[in-house]
Amino acid sequence: MSGTSRALTPPADAVAPVRHPEAPAPGELLGAHYEHCFGCGGGQPHGLHLQARAGEGVRVTAEFTVKAAHQGAPGLAHGGVLATALDETLGSLNWLLRVIAVTGRLETDFVRPVPVDTVLFLDAEITAVHGRKIYSTATGRIGGPDGPVAVRADALFIEVKVDHFIENGRPAEIQAAMADPDQVKRARAFEVNP
């Protein structure tokens, strides 16, 4: 993006991202990282129910249908909801590296309105890694995966330890997530967002 801030520009000594050997295969549905996540969880009646799929390299694609509950102006998606869809898709990228990371910065450009009942086709990729910092970019298109760009974002994620969530989350939800016998679900519950 032309207006990206310096905070989202990788330093000269940043390295190319490397997909983890145990990352989901290209085309594989990633599923919700946490059942009660507003972005991807099925346990949120008015959530986005965003579904991301692993792509090639360090890329994911996702789709999100704008519902009436997501509108800001009459008949149009709320900008904050669109930013959430971008953030959720960008956060899914970290599963390809098999790291726990939180959003440090998200810069979003709103290019054109997104009407209710529109499917937003999202495409995201990690562009660089520098220590604990993960740089990524995403676009959201309407009318199909090759349609016109409606929204785009650049993001910086920061790798954290699970302690970040344990020390800052509500104890009941933390304990429930930690008690899940499914190791993958337990790990993914703490995947994205501060």
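Predicted model: local features only at pLDDT ≥ 70, side-chain atom pairs only at ≥ 80, totals over all residues.
Residues are numbered from 1 along each chain as its sequence is written, and side-chain values use heavy atoms, with hydrogens and water left out. The secondary structure comes to five helices and six strands, where helices (H or I, at least four residues) and strands (E, at least two) are DSSP runs numbered from the N terminus.

**Overall fold**

- Read from the N terminus, the elements follow the order β-β-α-α-β-β-β-β-α-α-α.
- Of the 194 residues in the chain, 42% count as buried; buried means under 20% relative accessible area, exposed over 50%, and partly exposed in between, with a 1.4 Å probe and protein chains only.
- Among contacts (heavy atoms within 4.5 Å) between residues at least 6 apart in sequence, 67% join residues at least 24 apart.

**The sheet**

- The six strands form an open sheet in the order β1-β2-β4-β5-β6-β3, with antiparallel pairing; two strands pair if DSSP finds at least two bridges between them.
- The edge strands are β1 and β3, each of which pairs on one side only, and the twist averages 20° from one strand to the next.
- Four bridges join β1 to β2 in the antiparallel sense, and one of the bridge pairs sets Ala 52 against Ala 62 in β2.
- The hairpin of β1 and β2 has four residues between the strands, and Gly 57 takes a positive phi near 60° there.
- In a regular strand the side chains alternate between the two faces of the sheet.
- Ten bridges pair β4 with β5 in the antiparallel sense, and Glu 125 has Thr 137 as its bridge partner in β5.
- The hairpin of β4 and β5 has two residues between the strands, and Gly 131 takes a positive phi near 65° in this hairpin.

**Helix α1**

- Helix α1 packs on the sheet, touching β1, β2, β3, β4, β5 and β6, and its direction makes about 50° with that of β6; axes are lines fitted to C-alpha atoms, for helices over the stretch in contact, and angles run from 0 to 180 degrees between N-to-C directions.
- At 1.5 Å a residue, the 14 residues of α1 should span 20 Å, which agrees with the 20 Å between its end C-alpha atoms; the expected span is 1.5 Å times one less than the number of residues.
- The helix is mostly covered, eleven of its 14 residues being buried, including Asp 87, Glu 88 and Thr 89.
- Ser 92, found in α1, is buried with a relative accessible area of 6%, and a polar atom of the Ser 92 side chain lies 3.0 Å from the backbone oxygen of Glu 88.

**Nonpolar cores**

- In soluble globular proteins, nonpolar side chains tend to be buried together.
- The largest nonpolar core has 38 residues, and those with the most contacts inside it are Leu 50, Phe 64, Leu 90, Val 114, Leu 120 and Leu 122; such a core is a set of buried Ala, Val, Leu, Ile, Met, Phe, Trp, Tyr and Cys residues joined through side-chain atoms within 4.5 Å.
- The elements that give two or more residues to this core are β1 (51-54), β2 (59-65), α1 (79-92), α2 (94-97), β4 (119-130), β5 (133-142) and β6 (149-159).
- Apart from this core lies another, of seven residues, among them Leu 8, Val 102, Tyr 135 and Val 160.
- Not counting residues up to four places away in sequence, Leu 90 touches Leu 106, Ala 124, Ser 136, Thr 137, Ala 138, Ala 153, Ala 155 and Phe 157.

**Loop residues with positive phi**

- Most residues other than glycine have a negative phi.
- Arg 98 has a positive phi near 60°; this residue lies in the loop between α2 and β3 (101-110) and is partly exposed, with a relative accessible area of 32%.
- Asp 117 has a positive phi near 75°; Asp 117 is placed in the loop between β3 and β4 and is exposed, with a relative accessible area of 62%.

Key:
Polar contact = N/O pair within 3.5 Å; in protein donor to acceptor, adjacent residues only side chain to side chain.
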